[in-house]
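Subject: Structure handover

Hello,

Please find the structure below. My notes on it come after.

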Amino acid sequence: MRRLRRTESLRALVRETSVTPGDLIYPLFLCPGEGVRRPIGSMPGVFNLSIDEAVREAEEAARLGLGGLLLFGLPETKDEQGTGAYDDNGIVQRGLRALKVSGAAKNLVLIGDVCLCEYTSHGHCGMIAETRDGWTVDNDSSLKLLARTAVSQAKAGADVVAPSDMMDGRVAAIRKALDEEDCKDTPILSYASKFASAFYGPFREAADSAPQFGDRRSYQMDGANLREAMREIDLDLNEGADMILMKPAMPYLDVIRAARERTGVPIGAYQVSGEYSMLQAAFEKGWLDRDRATLESLLGIRRAGADFIVTYFAKDAAKLLG
Ligand code: PBG
């Protein structure tokens, strides 16, 4: 075996998997104001960006040859219904228009995160309803609002909409609304299998979206369940998803592999905030080699079967690959 490992050119010739900048999607957290670049404590190198700063970030992302941007929003105000998510003048909608108008995003796929948790005062991904024994995140009333959010983002310039809420039937509801509202060409990237994960912790600081009571285990998946993840994928594809996103990535590489073997649709994987933060913490301590561990973490996700990766390392990795 060692004959083919002798030189870098031999190793390059027989390399089975690659990561290129175009495979990487860079998440941005848009916030109100101007000239704002607010660091996220638990995610070194990640910021809340006002729209003007996001435009500059997009220019750099395009220069580096990244595949696209995934847009999250921190609204000025939150309410019970998450109005900011489907406001045509909401933070993501304004960001999308600015990115399109500036031309900054010309070669980038702009993906809108469709969820209510950043916009609701309670921090849940759907509507809260009272029940006999307390409260629940109500599925069907949430669908309408998610569909409105997707349409509003598509009209503002999203190339792709990506529902991350995990309500049942939302892909069908979003597809129907997009088709009725003259957005037939907008594809849906559904977070088909999204597990209730401790690794989202730092994101909730970045997006200010931590649930104010309870947790997300009644709508996100139980981490133990691989067969159920396959059912989620089948359902989303039947409802009209064009691509699927798997999340988190590193603790669930087997789920990505199983998805790859099950379907021919494009598969993305989300290397989530906690995966990024734990590597950053180890880099800061000098315990891991920053450059090599960054690329190895992405290569593993590609090898598991993901076509593209949403990652906070997108810019760093593109520079290394450059
Ligand atoms: C919103 C959403 C979350 C993430 C992406 N979209 C948080 C959550 O479900 O609590 C997590 C991303 C990350 O951790 O980087 N529904």
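Predicted model: local features only at pLDDT ≥ 70, side-chain atom pairs only at ≥ 80, totals over all residues.

Helix 10

Helix 10 runs over residues 273-284. Its 12 residues reach 16 Å from the first C-alpha to the last, close to the 16 Å expected at 1.5 Å a residue. Since 9 of the 12 residues are buried, helix 10 is largely enclosed by the rest of the structure. The buried ones are Ser273, Gly274, Glu275, Tyr276, Ser277, Leu279, Gln280, Ala282 and Phe283. Their cover includes helix 7 (201-206), strand 11 (267-271) and helix 11 (290-304). After helix 10 comes Gly286, with a positive phi near 75 degrees.

Helix 11

Helix 11 has 15 residues, which should span 21 Å at 1.5 Å a residue; the end C-alpha atoms are 22 Å apart, so the two values agree. At the start of helix 11, a side-chain oxygen of Asp289 comes to within 3.2 Å of the backbone nitrogen of Asp291. Buried residues in helix 11 are Ala293, Thr294, Ser297, Leu298, Gly300, Ile301, Arg302 and Ala304. What do the buried residues of helix 11 pack against? The partners are strand 1 (24-30), helix 9 (253-262), strand 11, helix 10, strand 12 (308-311) and helix 12 (314-321).

Ser50

Ser50 sits in the loop between strand 3 (47-49) and helix 2 (51-63). Is Ser50 buried or exposed? Its relative accessible area is 0%, and buried means under 20%, so Ser50 counts as buried. The side chain of Ser50 reaches the backbone nitrogen of Val36 at 2.9 Å. Val36 is also one of the residues that Ser50 contacts when neighbours within four places in sequence are left aside.

Surface patch

A nonpolar patch on the surface is formed by Leu4, Leu13 and Val14, which together have about 300 Å² of accessible area. Leu4 lies in the segment before helix 1 (8-13). With a relative accessible area of 47%, Leu4 is partly exposed.

Regards

Key. Residues numbered from 1 in each chain as written. Heavy atoms only, no water. Helix = DSSP H or I, 4+ residues; strand = E, 2+ residues; numbered from the N terminus. Expected span 1.5 Å × (residues − 1). Buried < 20%, exposed > 50% of the residue type's maximum accessible area, 1.4 Å probe, protein only. Contact = heavy atoms within 4.5 Å. Polar contact = N/O pair within 3.5 Å; in protein donor to acceptor, adjacent residues only side chain to side chain. Patch = residues over 30% accessible without salt bridge, like charges linked within 9 Å, V, L, I, M, F, W, Y side chains within 5 Å. Areas by Shrake-Rupley, 256 points an atom, 1.4 Å probe, with all protein chains shown as cover. Salt bridge = Lys/Arg side-chain N within 4 Å of Asp/Glu carboxyl O.
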